[in-house]
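Visitor: I would like to see what the words on these labels rest on. May I ask where each one comes from?

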There are 2 protein chains.
Amino acid sequence: MADDSQIRIGVFSCTNIVRKVSRAINLAPNATVSAIASISNSIDETKSFAASNNFPPTAKIHGSYESLIEDPDVDAVYFPIPASLHVEWAIRAARNGKHILLDKPVALNVYEFDQIVEACEANGIQFMDGTQWIHNPRTAKIKEFLTDPVSFGQLKSVQSCFSFAANENFLKNDIRVKPGLDGLGALGDAGWYTVQASLLANSFRLPKTVTALPGHVLNDAGIVLSCGALLDWEEGVTATIYCSFLANVTMELTAIGTKGTLRVHDFVIPFQETEASFTTSTISLSEHKIVNEIPQEACMVIEFARLVGEIKNRGAKPDGFWLNFSRKTQVIVDAVKESIDNNLEPILVSGR
Amino acid sequence: MADDSQIRIGVFSCTNIVRKVSRAINLAPNATVSAIASISNSIDETKSFAASNNFPPTAKIHGSYESLIEDPDVDAVYFPIPASLHVEWAIRAARNGKHILLDKPVALNVYEFDQIVEACEANGIQFMDGTQWIHNPRTAKIKEFLTDPVSFGQLKSVQSCFSFAANENFLKNDIRVKPGLDGLGALGDAGWYTVQASLLANSFRLPKTVTALPGHVLNDAGIVLSCGALLDWEEGVTATIYCSFLANVTMELTAIGTKGTLRVHDFVIPFQETEASFTTSTISLSEHKIVNEIPQEACMVIEFARLVGEIKNRGAKPDGFWLNFSRKTQVIVDAVKESIDNNLEPILVSGR
């Protein structure tokens, strides 16, 4: 139920994300859903959506976005619409004095983003992007660890990835793979989280440089389906990010300091809704235990000696596998060095 | 005790790694330590080292490497000496018919490596590099998972790192930071493992290209103390590696396929000697649990509404943090795109 102390939020559209966020608004003691606007549903359908998602009975039903952002009973708007429409509606909302909760990617580029900034500044608007994990209490604890000079020390490397294997329908029809809609693809979607995780790990400082990594995948329309990048803060502090619509769901965050290491396996959406975990330092896992009665170095010797025995006692030829394996390793190690020496140009190692 | 079925291994030097490997040889039923050569210790000291490390009483003590590799009671040699000496001693050992177990980095470059190849081929020598983790039974299980089309699918991304925080003495004096000795630094040492993990994850196929990443750290002599690289197999299959002497001990391996994800937290040296673990898919950890009574999206709404309330009810200004945070994210996202569009050149984002 709305009361005067609650912020009245208007939401756009009858979508799943609105189900999730409106539930969140209902759970927040200091907020209420005061209105909804849908342009793809009839008023009756929208009413039904509101009722089935436990909107307060007082929540108004609008047939247009315009109408909602002019509603005096709306303090703020949440609009999960394609990124290509963000700048227009954010500016309109701001000009109507509505505070803005906006999904990522906020805009298609900084030029657009700055128009939103301008509108927010001109109208005293509170802006927040709709990234949720940063608000999890776990994140505060993570930040505490990452800024602890004794337990973590100075940051050296952050590695984060967020991927999920989109189905065929998604890869064909989702707004996130359409140039006219969310044109940044996996980068603006999954990548957004990994960039934020990298920023979090380094006290929200902008890096000096950002470099895309080889191996990105684009669809026919040129939208990123998968890519990686390196963020460089200089002095040996770097972050690598990986985001993809083409790989199994993975939400890893590893941050390595001079004294400690952080690991999170579900940083974007915790496996459990009301409890989340992370590990620090070198705490081990306990899945898939394989017993080896003797240590691995002895296993190595056994294999080595077995091969030598074959040669010595049975006239066998050396097993070329290990040599090839080592040589390949050397080729790559050399190529890394060569790349360092050659202005980070890709080094062709095939056939070496 | 030596018997005819055991391979007789001669070792160079009285070092800690020889303690570890000779223990491994003792544990291997098909191998025995038949000789040791040290040039930095007296014969008596070497005898004492042999005895305290449970070498068989029959193990011969040599005062020179030459003498050991000419010893007819030695089938194979293990020589943990600086990489700069590997090619010379590997060739000499090979010419004497001794099989070779050689620590990483095997050579300082492929040119040198190929001389070892030639000597091994000319003399029928079994070669193996001294990387131990690849022999752990866990690695076979990992490989099984990574090649399982149902559980793992096709590989998309591998992320591996091996770092440890070397102390001042190491960074000043260790052979791994000296141009004349192990000239590849962290890349040839810690990096070696990460490269091998990447190869393992992709059926030991050489990538198409290797590109060093920005942010590497060199010492005054130009030796790599920390660096990253990307291996590109094309078709969106990549690996990033990170190796460092400057960051907390971390031994992460994450491999993401179209259907499954592998995580290993101690791939180089398992936390436990006789048991090792890994996780697949999305199995969660249970350390550092933080209870959040309401889900994170509700936490977000609460914070958002609190800020709006400050403005609405107390005349506060918007908190610029969230906008800045989002804008920085956008700047980086744009820079990643710009880098992709500009032949992977580093993009300067400071001041944007």
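Visitor: How do you know that strand β1 and strand β4 of chain B pair?
Guide: This is a predicted model, in which local features need pLDDT of at least 70 and side-chain atom pairs 80 or more, while totals for chains, interfaces and linings use all residues. Residues are numbered from 1 along each chain as its sequence is written, chains are lettered from A and ligands numbered from 1 in the order written, and side-chain values use heavy atoms, without hydrogens and water. Strand β1 (residues 7–12) and strand β4 (residues 76–78) of chain B are joined over three bridges, in the parallel sense. Pairing requires at least two DSSP bridges, so β1(B) and β4(B) count as paired. At B:Ile9, the residue opposite in β4(B) is B:Ala76.

Visitor: What makes β3 and β6 of chain B stand at the edges?
Guide: The open sheet has six strands, with parallel pairing, in the order β3-β2-β1-β4-β5-β6 of chain B. β3 (60–62) and β6 (127–129) of chain B each have a single partner strand, so one side of each is without a neighbour in the sheet. From one strand to the next, the twist averages 25 degrees.

Visitor: Which elements of that sheet does helix α1 of chain B lie across?
Guide: Helix α1 (residues 16–27) of chain B lies across β1, β2 (31–37) and β4 of chain B. Its direction is at about 150 degrees to β2(B); such angles run from 0 to 180 degrees between N-to-C directions.

Visitor: Which residues of α4(A) meet α5(A)?
Guide: On the α4(A) side they are A:His86, A:Val87, A:Ala90, A:Ile91, A:Ala94 and A:Arg95. They meet A:Glu112, A:Gln115, A:Ile116, A:Ala119, A:Cys120 and A:Asn123 in α5(A), contact being heavy atoms within 4.5 Å.

Visitor: Why is α4(A) described as largely enclosed?
Guide: Seven of the ten residues of α4(A) are buried, so the rest of the structure largely encloses this helix. Buried means under 20% relative accessible area (exposed is over 50%, partly exposed in between, with a 1.4 Å probe and protein chains only). A:Trp89 and A:Ala93 are among the buried residues of α4(A). The buried residues pack against β1 (7–12), α3 (65–69), β4 (76–78), β5 (99–102) and α5 of chain A. Just after α4(A), A:Gly97 has a positive phi of about 75 degrees.

Visitor: Why does B:Gly228 count as buried?
Guide: B:Gly228 has a relative accessibility of 9%, which is under the cut-off, so the residue counts as buried. B:Gly228 lies in strand β10 (residues 224–232) of chain B. Leaving out residues up to four places away in sequence, B:Gly228 touches B:Ala212, B:Leu213, B:Ile241 and B:Tyr242. B:Gly215 is 13 residues from B:Gly228 in sequence and 7.6 Å away in space, C-alpha to C-alpha.

Visitor: What joins the side chains of B:Asp174 and B:Arg176?
Guide: A polar contact of 2.8 Å joins them. The term needs a pair of N or O atoms within 3.5 Å (within protein, one able to donate a hydrogen and the other to accept it; residues adjacent in sequence count only if both atoms are side-chain atoms).

Terms used: Helices (H or I, at least four residues) and strands (E, at least two) are DSSP runs, numbered from the N terminus.
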